[in-house]
Amino acid sequence: MEQAKKTKKYAITLKSGKQAIKKVKVSLKKVNGKYLKGKVLKIKFNKKTYKVKTNKKGIATWKVKKSMLKKLKVGKKYKYKVTYGKDIVTKKLTIKK
């Protein structure tokens, strides 16, 4: 009998400050003591999907454009989902004025 292939799981960490709506930082956990650089993450926000690459320290930064901010309502909560491989992280953020 064949053995099932082992899949690697990568931990996704989300970092957001006071102005979470303007910038979302996503970092990937180190694998074998090395950062995962140049990997593509998918961020789904407001029914649109964006692709972001990680830098040399394994951190991907995604900024919300001004044109998108105008369409969002103050005080409303929005979901965003970050996907890398089989790992999916879903968070909510509140729009502040």
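**Entry 1: aromatic rings**

Before anything else I wrote down the rule I used: rings of Phe, Tyr and Trp (its six-membered ring) pair if their centres lie within 6.5 Å. I also noted that I am working with a predicted model.

With that rule in hand, I found that Phe45, Tyr50, Trp62 and Tyr78 form one aromatic cluster. The count of aromatic pairs comes to three.

I took phenylalanine 45 and tryptophan 62 to begin with. Their ring centres are 5.6 Å apart and their planes stand at 65°, so I logged the pair as edge-to-face. Phenylalanine 45 sits in strand E3 and tryptophan 62 in strand E5 (residues 59-63), so this pair ties together parts that are 17 residues apart in sequence. I checked burial too: both phenylalanine 45 and tryptophan 62 are buried.

Next I looked at phenylalanine 45 with tyrosine 78. Here the centres lie 6.2 Å apart and the planes meet at 55°, so the pair is tilted. This pair links distant parts of the chain, since phenylalanine 45 is in strand E3 and tyrosine 78 is in strand E6 (residues 77-84), 33 residues apart.

Is phenylalanine 45 buried or exposed? Its relative accessibility is 1%, so I count phenylalanine 45 as buried. Tyrosine 78 is buried as well, with a relative accessible area of 10%.

While I was on rings, I looked at tyrosine 35. Lysine 30 lies over the face of that ring, at 4.7 Å from the ring centre.

**Entry 2: the chain as a whole**

I stepped back to see the layout. Read along the sequence, the pattern is β-β-β-β-β-α-β-β.

Of the 97 residues in the protein chain, 29% are buried. Among contacts between residues at least 6 apart in sequence, 41% join residues at least 24 apart.

**Entry 3: the four-stranded sheet**

In what order do the four strands of the open sheet run? I read the order as E4-E3-E6-E7, with antiparallel pairing. E4 and strand E7 (87-94) are the edge strands, each pairing on one side only. On average, neighbouring strands of this sheet are turned by 25° against each other, direction ignored.

I then went through two of the pairings. E3 and strand E4 (residues 48-53) pair in the antiparallel sense over six bridges. These two strands form a hairpin with two residues between them, and asparagine 46 in the turn has a positive phi of about 55°. Across this pairing, isoleucine 43 stands opposite tyrosine 50 in E4.

How many bridges join E6 to E7? I counted eight, and the two strands run antiparallel. One partner I noted there: tyrosine 84 is bridged to aspartate 87 in E7.

I stayed on E7 for leucine 93, which has its place in that strand. Leucine 93 is buried, with a relative accessible area of 7%. From leucine 93 to glycine 75 the C-alpha to C-alpha distance is 9.6 Å, and the two are 18 residues apart in sequence.

**Entry 4: the nonpolar core**

I looked up the largest nonpolar core and found 19 residues in it; the ones with the most contacts inside it are Val26, Leu41, Ile43, Phe45, Trp62 and Tyr80. E2, E3, E5 and E6 each supply at least two residues of this core. The largest share, four residues, comes from E6.

Leaving out residues up to four places away in sequence, isoleucine 43 touches Val26, Lys48, Thr49, Tyr50, Val52, Trp62, Lys81 and Val82. So Trp62 turns up again here, as a contact of isoleucine 43 and as a ring partner of phenylalanine 45.

**Entry 5: a lysine in a loop**

I located it in the loop between strand E2 (23-28) and strand E3 (40-45). Its relative accessibility is 57%, so lysine 37 counts as exposed.

Which residues does lysine 37 contact, leaving aside its neighbours within four places in sequence? I found Thr54, Asn55 and Lys56. Lysine 37 and threonine 54 are 17 residues apart in sequence, with their C-alpha atoms 5.3 Å apart in space.

Notes: Residues are numbered from 1 along each chain as its sequence is written. This is a predicted model: local features need pLDDT of at least 70, side-chain atom pairs count only at pLDDT 80 or more; totals for chains, interfaces and linings use all residues. Side-chain values use heavy atoms; hydrogens and water are left out. Buried means under 20% relative accessible area, exposed over 50%, partly exposed in between (1.4 Å probe, protein chains only). Contact means heavy atoms within 4.5 Å. Two strands pair if DSSP finds at least two bridges between them. Rings of Phe, Tyr and Trp (its six-membered ring) pair if their centres lie within 6.5 Å; planes under 30 degrees apart count as stacked, over 60 as edge-to-face and the rest as tilted. A charge sits over a ring if NZ of Lys or CZ of Arg is within 6 Å of the ring centre and within 35 degrees of the ring normal. Axes are lines fitted to C-alpha atoms, for helices over the stretch in contact, and angles run from 0 to 180 degrees between N-to-C directions. A nonpolar core is a set of buried Ala, Val, Leu, Ile, Met, Phe, Trp, Tyr and Cys residues joined through side-chain atoms within 4.5 Å.
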